[in-house]
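Hello,

Here is the structure I promised to pass on to you. Please have a look, and then read on for what turned up in it.

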4 protein chains.
Amino acid sequence: MKIRVAVLGATGTVGQRFIQLLDGHPWFEVTALIGSERSAGRPYADVTRWMLDTPIPAAVRAMEILPEDAPLDTPLVFSALPSKTARPIEERLAAAGHVVCTNASDLRMDPDVPLLIPEVNPDHLELIAVQRRRRGWSGAIVANSNCTATGPTITLRPLHDAFGVTRLLLVSMQALSGAGYPGVPSYDLMENIIPFIGGEEPKVETEPQKMLGTLRDEAIEPAPFALSAHCNRVPVLEGHLECLSLAFARRPAQDELVAALRTFRALPQELNLPSAPPQPIIVRDEPDRPQPRRDRDAGRGMSTVVGRIRPCPILDYKLVCLSHNTIRGAAGGSVLNAELMYAQGMLNG
Amino acid sequence: MKIRVAVLGATGTVGQRFIQLLDGHPWFEVTALIGSERSAGRPYADVTRWMLDTPIPAAVRAMEILPEDAPLDTPLVFSALPSKTARPIEERLAAAGHVVCTNASDLRMDPDVPLLIPEVNPDHLELIAVQRRRRGWSGAIVANSNCTATGPTITLRPLHDAFGVTRLLLVSMQALSGAGYPGVPSYDLMENIIPFIGGEEPKVETEPQKMLGTLRDEAIEPAPFALSAHCNRVPVLEGHLECLSLAFARRPAQDELVAALRTFRALPQELNLPSAPPQPIIVRDEPDRPQPRRDRDAGRGMSTVVGRIRPCPILDYKLVCLSHNTIRGAAGGSVLNAELMYAQGMLNG
Amino acid sequence: MKIRVAVLGATGTVGQRFIQLLDGHPWFEVTALIGSERSAGRPYADVTRWMLDTPIPAAVRAMEILPEDAPLDTPLVFSALPSKTARPIEERLAAAGHVVCTNASDLRMDPDVPLLIPEVNPDHLELIAVQRRRRGWSGAIVANSNCTATGPTITLRPLHDAFGVTRLLLVSMQALSGAGYPGVPSYDLMENIIPFIGGEEPKVETEPQKMLGTLRDEAIEPAPFALSAHCNRVPVLEGHLECLSLAFARRPAQDELVAALRTFRALPQELNLPSAPPQPIIVRDEPDRPQPRRDRDAGRGMSTVVGRIRPCPILDYKLVCLSHNTIRGAAGGSVLNAELMYAQGMLNG
Amino acid sequence: MKIRVAVLGATGTVGQRFIQLLDGHPWFEVTALIGSERSAGRPYADVTRWMLDTPIPAAVRAMEILPEDAPLDTPLVFSALPSKTARPIEERLAAAGHVVCTNASDLRMDPDVPLLIPEVNPDHLELIAVQRRRRGWSGAIVANSNCTATGPTITLRPLHDAFGVTRLLLVSMQALSGAGYPGVPSYDLMENIIPFIGGEEPKVETEPQKMLGTLRDEAIEPAPFALSAHCNRVPVLEGHLECLSLAFARRPAQDELVAALRTFRALPQELNLPSAPPQPIIVRDEPDRPQPRRDRDAGRGMSTVVGRIRPCPILDYKLVCLSHNTIRGAAGGSVLNAELMYAQGMLNG
């Protein structure tokens, strides 16, 4: 018996990714699609401007869109709601006993909400007990991280454990799919770069410290490193490429640093979770990799690809990392979060 | 009477820019075009795959290409030779009494060669006397800087004077025209970023310190700041966009920093050189500027456009700067160098 | 004394082109800008997301936006209103005595409205007398043609006169600027072609016959040729490129056809109208021209560039033509229409 | 026991596709890779600049490249040689008893060489007997068609059978991968269209008639319809999109035409060949499909996708068709050719 699953915001670009990634999932089964009032009551395939390069899964084509306030019988809800509208809806669902794995940014920095990357901070799921007690509900809200913060945070996990990260300066070159649909006008992005993404840098400069932080006395103590981010939009479809300069408490030799990245395995790999990539981090040795178009699909979009590791004249090392923004950085990240909860007995059909 | 001018490497992309920018120049007149053996003896318009969006100037259409070893009667030579082949040819021309303003990288770091941006280090032209004495020639070689180093170095000039730059970390997003023609295959750059440009980072990490250095005892003492560069190729035609994080000996208030950039004027502006932009640095206040396509032509491609000035959580400030790579960063930079020499009586027809 | 001019829809992309092209115009002077209710009462530069690569003209930066129903004292109005909303507003202005040169499609096919390209059908201005009598107004409405119809219609004028066009099959590759702003999402157009533009083909298949038609008994008799159009959206900023196959009543020799195009001059060239290009049609001999990026600015965006003239195995000849869609095909076309009316004494300050 | 297979020109872009498509093939096994002199003797992975988005198959990574004149023990050879050099090498291999399935254009129009699309003209394989007798060899050469001719020819097969095609006018918008590597410079194709592809139109205007022709008295009588092609290069990675206008001996009703396309099945589908798509032609009803990026992978790149079927004011009908140029139009087409020969007992291990 699979766990019944609802997708909130099912018709948008992240909602579509949820549906694509859950098609044929061994543990989860989409049985409810929630959309806007405008589309409620109509079949999914009729109201959705499907964007992805695989067809709409047969199982949902004719499924009727439910309105936001429909009663749900699914233990698990994936939320692809836009930020700034997600909070009241997700809180209502958690209060009604649902486990909500959300891609929205609204609750990410709430002290009792796990901001989860299963390879990075699986122990933060213990916050759910705090969350339930404090909020008086039987459900739960678990957030995944900002898409631009995801790749660097996974990359930092083994480095922080081994060498103690003290400073991180990053410059992102972000794919246009991160802006949703219709998103960035082609009139703005054609043969151009936009060196600004509204609201992005504050998220990128705070989420990694929470995720790499320590759970102590029912709260997260953020990892105490400084982070500076420049965020840019580039004419690429999928895959956020980021240039990182890093300083450590103990500066490793370069081959130590490479080995720490290359040998990194974590709980999702041990548990063999369905969406876990065999290697959370893939290190490429070619001088000109990773590249968004050529490397974003590594590990079915769930691996972080790192390259160009070399000394930094200002901090200790510099490198380039790439993460698929709508798979690992959005829907795929949430699915992996739910898989971890399932494997740990936190989800009951 | 205008100064007669030769263009070396006249058929390539930088050579074309020289010819475009010199068309109708008030002081200089192209009278000789030097090309490869293959094209020598043939009319310019017949052997050139013209790339620019203005037509080939009428004055050069029918001009016959000369071979590399042709004797020249032009006091001034602009060199658009590819790096790695430029040195012997440019040295021979200087030995024959010509002033060579070169875009090639071969001699840039020679201690007795001025690496010149007229707004930054016009006093470095004094090295020519050293160069002539040491090398025993009556001509001269003056280099312009790497296209990626140009924008940041101009931006640093007023900041270094006022506050003392101690560290600079930059990430470039470089236009494809910087790779010449045929340059980057579209198969590599379509919907993609390449996080590597061969040989670029070492140049970018050393040239600014020479240009911002101090002339003392007939030598340049490099400015003593650390510089780290990540260089990326992006699908943009013209205009290098760069994200900078900066630290200073004396951290200014943000409005001091902005004022220093905005009020910066230098010798080319005082002398009213024909190619000098009214403002060497233009500061934009919009949150999403500069952008390559929309801002690269500021000051007819000779201004550096700066925006997004804000505090950096790691160094002192961060900002974005943009410079036109084939105008200010190549042919236009060389022409301005020659104009400065002319205005200072160092060029005789 | 210049003619005072109002621009309707001044903040949109076509409105911006009007303002750019009218800056420094010898005959016309923008004195009123009409915008949406939302922007009325505010300075132009504050409410406009300026898109073009030249700065906002100083003369309009601080000009206050007027609401749609403001009384106007300008004899001439340029309308950049979106189609489907233009008719009532433009008719009200004509009734109030204004000459309206419109880019909207709403009235183009009205029998008493001149659909004007000054090189093609200047005599159609005689319809204004019919229009005034029939509609009982003292103003006038003059339309310019669809941007995709413009280049082919100019190309056809000398060919139709000399050889009698009987059939035209065209496939367009249209720039994204034609969709306005925000227009086409980059998520749709990145590394892609969209083989459909809503409502475009019916316009392209009917407007040329009206423009090339004959004025007889106060009405236009359309030119009796068949026209088939396939319209595609391509990732290009400006410039509609079109592949044409043509059949004639009398099949010319190829050099006759080329000569007819190359020697074509018309009334705007005779009258030396300020926006008229010296050559309405430029024929390029290179095998791979015209190209949108390299040729769209020919004649300051007002020339049609034709190339690849060769026999067609099905109709008589095939060729490629290019026309700048937001200059000649929109604002520039309307300005030239007004210039023709001014030169013929139909506009009084 | 699988059939041993060699790939000629294994390191180029089409060679890479052969290797990708043959990985895990049920009938064929790559056992020899032939490359240039420069790469001979070295492992495949070391000398190949691998371009595709799946990794190099493990089975060939370490395989040593053989020189062109190495003796081969493979009954089957796939040739990805560049046109203009293929003929002597392929003829030598056929003379040595190999079956050569070639993607090169050199021998396509030889009267005794089958130009084969298995859904279109499987009976043309009978030419092999003629070829063997005439040329005195025991091997064979079978060509696949030009990538731009492929989609229209498949589309025409059911239409020609049912209604008799008399005229076809097509305009192609061709992906850059068709030019190989390095192929088209990004400096040429960025934000641009190139309305010319050297040598393409003559191929496109003659190959379909041969393929749709009739085998009679040991020769192909070409299908007697006129074909006119305009070929354009567009900034798309993979997938040739083409606008077609068609005339028929008997003009069908539109639903007849649609049904003929939609119900078309052919020998590869009957034989269930491993690379045969379930539907050779997929008809899409949306107004804006097919699009290269969204539809090129239909049928794993082996289906032709057709849309926008509507009457043509000049010929009878117009439509848009899309075919993956480096799968169905190159390597995949050759593999399907070999599969058909295998299924018909023409290949012996």
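To begin inside one chain: how many residues of domain 1 of chain A are in contact with domain 2 of chain A? There are 30 residues of domain 1 in contact with 32 residues of domain 2, where contact means that the C-beta atoms, placed from the backbone, lie within 7 Å.

Before the rest, a word on conventions. This is a predicted model, in which local features need pLDDT of at least 70 and side-chain atom pairs count only at pLDDT 80 or more, while totals for chains, interfaces and linings use all residues. Residues are numbered from 1 along each chain as its sequence is written, and chains are lettered from A and ligands numbered from 1 in the order in which they are written.

**Domains of chain A**

Domain 1 of chain A covers 3-146 + 331-343 and domain 2 of chain A covers 147-324; these bounds come from an automatic or database domain assignment. Their C-alpha centres lie 24 Å apart. On the side of domain 1 that touches domain 2, helix α13 (residues 327-343) of chain A gives the largest share, with seven residues. Helices (H or I, at least four residues) and strands (E, at least two) are DSSP runs, numbered from the N terminus.

**Chains C and D**

Between these two chains, 34 residues of chain C are in contact with 34 residues of chain D. Elements that give two or more residues on the chain C side are β7 (165-174), β10 (226-233), β11 (240-248), α12 (292-295) and β14 (317-323). The most comes from β10(C), with five residues.

Chain C superposes on chain D by a rotation of 180° with 0.0 Å of shift along its axis (RMSD 0.0 Å), fitted by least squares on the C-alpha atoms of residues with pLDDT of at least 70 in both. That is the relation of a two-fold axis. The same surface serves both copies, as 100% of the contact residues of chain C recur in chain D.

**A sheet in chain C**

In chain C, six strands form an open sheet with mixed pairing, in the order β10-β7-β11-β14-β13-β12; two strands pair if DSSP finds at least two bridges between them. The edge strands, each pairing on one side only, are β10 and β12 (281-283) of chain C. Within the sheet, β11(C) and β14(C) run antiparallel and are joined by seven bridges. As for C:S245, its bridge partner in β14(C) is C:K318.

Best wishes
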